[in-house]
Amino acid sequence: MLSSSGVAVNSDSVSLQKRIIGGHYCLDNERHYHVVLYSSGNFICGGSLISDRWILTAAHCAKAGGLTARLGEHPVNNNQNLNNNQHSVLDQRAIFGPNHDIAMVRLQTPTTIRPVQLPNCRNRLRIGDTVQLAGYGATRTGSNYERSKKNLQCVNMNVAAIYVQHITQGHVFKVQAPGRDEDLCFPQGDSGGGVVRNNMIYGVISAVRKDTPACQEPAYMMNVCEYLTRINQVRGLKA
């Protein structure tokens, strides 16, 4: 389901993409906190509102220039009239280190959209737990491959592995399709979006290297619990 914008799909990558295609349109009553990030007017990433001002996303997304955020993108018939509302996020950025692909950006003005809850880290993810990912990824494979530009796609995955410290990306976990042995592979595109369980954000979708062909390496999810103290400090809350 989740894939990158403008990536040509060849026969070698189609078989790999099949294992992440097959999601569904997100329900109208979920993922209102999903944010679409643009760099100089070009779609680059997803993100999640975690307060009325702060967006949680991937660090490589937050570092982009000319960054703006579109709110209220889901559902498409949103009656909050926010579908065409852009907010600059140049107010403040918090990067958690060169080898940690997780960051926060702050809206210049607050929003009334309800944010996603931060995780209950007394009940951390375990291998086998089901989590939900979302993005505007591909809806089918083959020569007519295209992204779902209007409807946010949701897909359930199982936690396959949890790492204390990945050498280049930080505290991460991996997910895979239920009932399969393959890793979820995730090229550039909808990274930065939230990985949710029980309506709480436990992860942030990271990305493979820019020089990696589509779906040639598994993607990692940043483990939000490992960064929760820092997240609360940035928001001005007690740990």
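## Disulfides in the chain

A search of the whole structure, which is a predicted model, finds 3 disulfides. Counted along the chain, the bonded cysteines follow the pattern 1-5, 2-3, 4-6. A disulfide is a covalent bond between the sulfur atoms of two cysteines.

## Cys26 and Cys154

Cys26 is joined to Cys154 by a disulfide with an S to S distance of 1.9 Å, and this pair links distant parts of the chain, 128 residues apart. Cys26 sits in the loop between strand S1 (24–25) and strand S2 (34–39), whereas Cys154 belongs to strand S10 (residues 153–166).

The link of Cys26 and Cys154 is right-handed, with 105° about the S-S bond. Both Cys26 and Cys154 are buried.

## Cys45 and Cys61

A disulfide with an S to S distance of 2.0 Å joins Cys45 to Cys61. Because Cys45 lies in strand S3 and Cys61 in helix H2 (residues 59–62), the pair ties together parts that are 16 residues apart in sequence.

The torsion about the S-S bond of Cys45 and Cys61 is about -75°, and the disulfide is therefore left-handed. Cys45 has a relative accessible area of 3% and so counts as buried, and Cys61, with a relative accessible area of 0%, is likewise buried.

## Cys121 and Cys225

Cys121 and Cys225 are joined by a disulfide with an S to S distance of 2.1 Å, and its torsion about the S-S bond is about -100°, so the disulfide is left-handed. The pair links distant parts of the chain, 104 residues apart.

In this pair, Cys121 is found in the loop between strand S8 (103–106) and strand S9 (130–135), while Cys225 is found in the loop between strand S14 (221–223) and helix H3 (228–234). Cys121 is buried, and Cys225 is buried as well.

The relative accessibility of Ser51 is 10%, which lies under the 20% limit, so Ser51 counts as buried.

The side chain of Ser51 reaches two backbone nitrogens, that of Arg53 at 3.2 Å and that of Trp54 at 3.0 Å. When residues up to four places away in sequence are not counted, Ser51 touches Pro115 and Arg235.

Key
Residues are numbered from 1 along each chain as its sequence is written. This is a predicted model: local features need pLDDT of at least 70, side-chain atom pairs count only at pLDDT 80 or more; totals for chains, interfaces and linings use all residues. Side-chain values use heavy atoms; hydrogens and water are left out. Buried means under 20% relative accessible area, exposed over 50%, partly exposed in between (1.4 Å probe, protein chains only). A polar contact is a pair of N or O atoms within 3.5 Å; within protein, one must be able to donate a hydrogen and the other to accept it, and residues adjacent in sequence count only if both atoms are side-chain atoms. Contact means heavy atoms within 4.5 Å. A disulfide is a pair of cysteine sulfur atoms within 2.5 Å. Helices (H or I, at least four residues) and strands (E, at least two) are DSSP runs, numbered from the N terminus.
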